[in-house]
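Below are some notes for a colleague who is opening this structure for the first time. Please read them with the model on screen.

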Amino acid sequence: MTVTQQAPSAPGIRPASAGSGRALVGRDAELLVLRGRLADPDARLVTLTGPGGVGKSALAAAFEAAPGQFRGVRTADLGPAASADEAAATVLRLAAELRRVPGDTDALLVLDGCDHHGEPLTTVLGELLTPAGRLTALATSREPMRVAGERLLPVRRLPVPPPGADDPDELAGNASAALFTRAARDAVPGFALTEENTAAVASLCALLEGLPLALELAAGRLRLFTPQVLLARLRHRGGALTALSGGPSGAPARHCSLAALAASAVAGLSRDQLALLGQLSVFEAGFGLPMLERVSPLPRADTDAVLDSLLDRSLVLALDQEQGEPRFAVPEPVRSHMAEELSADGLLDAALDRHAAAYRQLVTTVEPRLTGPRQSHWLHVLATEHRNVVAALRRLHQSGAAEDVASLVLALRTPWLVQGHLKEGVEWCDAVGQDEEPGPDGSAPRPALSEPLRARLVDLSATFTLALGDADLAVRRHRRALALCKRLGDRRQTALVSARMGLALLRFGDPAGAVAALGPAVTALESLGAAAAAADATVALAAALRTQGDTRKARDLLEKGLDAHRRVADARGLAAALREWASAAAEREDTQGAARALRECLELYGSLGERTELPGALEELTLLRWRTDPSAGPRATRTLAACAALRRALGSVPTPARRAAVDEALGTLRSRMHASGYAAAWAEGLRMAPATALEEELAAPDPDSRPAAPTPEAQPLTPRQVQVAMLVAEGLTNRQIAARLDISEWTVVNHVRQIMRRLGCATRLQVAWSVGRWT
């Protein structure tokens with residue numbers, strides 16, 4: 001147990017174990033709040049809470065009191081105390097010393113490592129920390145001390161770099177990377193962020209979840225490994241993270257390795273706490289309350305109470321909320337430690353099986369709801385749970401449950417198309433479709449899947465392949481699936497595959513073949529009551545007929561497809577139909593009509609979190625606008641760069657015609673803009689998040705399209721539409737408006753579309769401008 005005292009005039013707190021007084025990285029806000037809390041005369045105890053290794057001790061050590069704020073200071077590291085009674089005795093002794101220090105202000109007691117000392121310590125602090133006692137305390141603990149007058153200051157992990165960070169200068173401004181770099185220079189003098197190691201350092205910071213102790217221990221390993229090699233070693237589970245060790249000499253044992261840190265964090269947990277924590281440790285990237293209830297090994301009433309206790313001890317962390325629903329995660333290194341403990345006790349398989357079963361049930365339950373008014377909600381749920389769903393797939397595949405894996409992959413068609421998991425989708429389709437099982441009595445192996453499932457997997461792999469941009473391979477795969485379906489006599493699946501093959505043929509450049517496949521497919525799907533699939537096929541048939549020059553019939557079919565998609569509330573299908581409407585309008589030189597359709601399409605894509613089709617639609621609107629407004633060159637360059645970056649991330653390629661159009665536009669932009677301006681706009685676009693590029697493009701007005709401002713009496717809006725329009729003018733998103741008015745996001749999308757149509761507006765900005773004229 002380390003005890004440090006300061007003379008009455010000393011202004012700061014510098015425990016010997018806190019290091020050399022180097023400035024903290026990324027803790028300016030916490031220090032500012034801490035000073036404010038300790039300056040509050042009503043605060044008797046300020047407790048820095050958070051998981052082990054997050055930097056609570058360093059933050060307490062970095063606090064500097066204002067001159068004269070405290071008449072005396074005593075500090076103690078209670079972590080190594082042999083017992084709770086010993087820790088309490090130390091606090092009493094230091095308090096007695098401070099009573100003898102003269103002065104009119106309170107004295108300050110700094111207590112590091114208050115975990116696990118329980119009631120004896122809190123009882124003593126409750127008796128000492130009274131206004132009459134003229135004593136204030138600053139404590140560090142994984143959980144609240146629960147003493148009267150306590151003020152909590154949670155210490156968070158450091159922010160980690162965004163995915164794909166690869167710029168050394170930008171990465172240097174990230175707190176996790178800055179701390180890692182400083183620690184790396186201690187181990188390897190001269191270490192610096194370079195173009196070669198930046199991506200690896202960013203990934204290391206993300207893998208270690210911004211935990212300062214983990215970052216420092218990992219940086220120390222650079223004496224042996226490059227960042228790239230270290231990242232590869234740590235990515236392998238099975239204890240690699242908890243194996244990090246090598247803290248500074250003289251540091252508490254719990255700070256010398258992640259294994260010791262994790263062991264100290266779970267010491268003293270009850271049987272129920274360990275059981276729930278172990279189960280929660282198998283989740284990837286966190287979990288929500290509904291999934292917790294599905295996998296918990298405890299009764300529901302006990303689960304809630306135990307979860308609260310784990311949250312108090314920072315063994316489970318609350319993450320940012322998704323659509324108002326809380327999410328939680330077990331932090332590293334506790335997660336790795338608990339996985340090792342489960343494995344050693346023979347309990348890991350059961351925990352993984354419960355997790356896989358829960359996500360299989362989630363996906364199969366959600367699949368029928370992926371059209372309809374709640375489509376956006378369920379797509380966002382599955383996007384949030386993607387890593388857990390893939391973990392469930394891996395577990396089921398390892399268990400030999402080929403039929404379950406195939407059914408799950410097929411149910412993920414729409415979510416993975418929306419999220420852009422295209423290559424992953426092809427790999428799963430191919431892997432599961434080729435699985436074999438031993439034949440009876442030692443005969444030759446046979447396919448593990450039934451023919452109907454294999455046919456559907458081949459069809460789905462073709463759909464992912466087409467989304468990646470390989471229309472030739474997609475057509476060949478669809479033909480293979482079609483042959484299987486016809487042999488099975490499955491009329492519905494035959495019609496579905498025919499419709500999808502028709503779209504692939506159209507993309508391949510064979511409109512006649514597309515019409516031949518799509519015409520019968522539309523008739524069959526309509527007769528079978530497959531409304532959403534029939535609407536998709538109808539829109540594709542309209543596109544094929546327009547390509548052949550039959551514009552009148554194409555327009556009639558397109559209107560039919562649009563109406564059908566609106567009836568079934570399939571936002572993604574409606575967005576695709578609007579893109580085709582925009583293409584037809586642009587062909588007729590109806591620039592404003594094309595722009596309105598593309599805006600509505602992009603708003604739908606934004607509400608769904610669409611990634612696969614987003615680059616194409618963004619490019620279409622960007623090129624359309626730039627041709628009519630050449631002054632929009634910098635914005636067009638940024639947007640086209642963002643589309644190129646998203647396509648690289650997806651692994652997809654545009655059609656040859658689209659590539660030629662974009663290349664021609666970029667060539668003209670490069671010649672018209674100053675070289676440095678073009679390069680800067682392109683670089684900015686490459687770093688732009690897809691959502692940001694979408695928002696910027698939607699916010700840009702069309703040239704000469706500002707509407708006349710109707711008066712409130714003359715504007716033809718319903719009372720609900722007036723409400724929505726006012727909220728649009730406040731800058732709220734569709735999702736925020738839905739929450740404010742307690743209606744579905746799909747309903748808001750329809751209201752906004754009607755508002756823009758009735759007011760003659762092409763953008764949300766123009767709606768806001770019109771509303772501003774009402775008041």
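1. Beyond its neighbours within four places in sequence, Leu 277 is in contact with Val 266, Leu 269, Leu 310, Leu 315, Val 316, Val 330, Val 334 and Met 338. Please keep in mind throughout that this is a predicted model.

2. Leu 277 belongs to the largest nonpolar core, which has 133 residues. Together with Leu 280, Val 316, Leu 525 and Leu 602, Leu 277 touches the most other members of that core. Helix 25 (residues 531-548) supplies the largest share, 10 residues. Another core, of 51 residues, lies apart from this one, and its members include Val 54, Val 110, Ala 183 and Leu 211.

3. In what order do the 3 strands of the open sheet run? The order is 7-9-8, with antiparallel pairing. Strand 7 (287-288) and strand 8 (317-318) are the edge strands, each pairing on one side only. Between strand 7 and strand 9 (residues 327-329) there are 2 bridges, in the antiparallel sense. Phe 287 has Phe 328 of strand 9 opposite.

4. Helix 20 (residues 422-433) can be checked for length.

5. Which residues of helix 20 are buried? They are Leu 422, Gly 425, Val 426, Trp 428, Cys 429 and Val 432. These residues cover an arc of only 165 degrees around the axis, so they lie on the same side of helix 20. The packing partners of the buried residues of helix 20 are helix 17 (386-398), helix 18 (402-411), helix 19 (413-419), helix 21 (451-468) and helix 22 (471-488).

6. Arg 477 is found in helix 22. With a relative accessibility of 18%, Arg 477 counts as buried, because the cut-off for buried is under 20%. Leaving out residues up to four places away in sequence, Arg 477 touches Val 426, Asp 430, Val 458, Ser 461, Ala 462 and Thr 465. One of these, Val 426, is among the buried residues of helix 20. Arg 477 and Ile 755 are 278 residues apart in sequence, and their C-alpha atoms are 43 Å apart in space.

7. The side chains of Asp 472 and Arg 476 meet at 3.5 Å, N to O. The two residues are 4 apart in helix 22, so about one helical turn separates them. Asp 472 is partly exposed at 35% relative accessible area, and Arg 476 is partly exposed at 48%. Elsewhere, salt bridges with shared partners join Arg 579, Glu 613, Glu 619, Glu 620, Arg 647 and Arg 658 into one network.

8. How many salt bridges does a search of the whole structure find? The search finds 38. One of the pairs is Arg 27 with Glu 30, at 3.0 Å from N to O. Are these two residues buried or exposed? Arg 27 is buried, with 4% relative accessible area, and Glu 30 counts as buried at 13%.

9. The side chains of Arg 151 and Asp 40 also form a salt bridge, at 3.9 Å, N to O. This pair links distant parts of the chain, 111 residues apart: Arg 151 is in strand 6 (residues 150-154), and Asp 40 is in the loop between helix 1 (28-39) and strand 2 (45-49). Arg 151 counts as partly exposed at 28% relative accessibility. Asp 40 counts as partly exposed at 28% as well.

10. The last point concerns Ala 681, in helix 32 (residues 675-687). Ala 681 counts as buried, at 5% relative accessibility. Not counting residues up to four places away in sequence, Ala 681 touches Pro 634, Thr 637, Arg 638 and Met 673.

Key: Residues are numbered from 1 along each chain as its sequence is written. This is a predicted model: local features need pLDDT of at least 70, side-chain atom pairs count only at pLDDT 80 or more; totals for chains, interfaces and linings use all residues. Side-chain values use heavy atoms; hydrogens and water are left out. Buried means under 20% relative accessible area, exposed over 50%, partly exposed in between (1.4 Å probe, protein chains only). The arc is that of the directions from the helix axis to the C-beta atoms. Contact means heavy atoms within 4.5 Å. Two strands pair if DSSP finds at least two bridges between them. A salt bridge is a side-chain nitrogen of Lys or Arg within 4 Å of a carboxyl oxygen of Asp or Glu. A nonpolar core is a set of buried Ala, Val, Leu, Ile, Met, Phe, Trp, Tyr and Cys residues joined through side-chain atoms within 4.5 Å.
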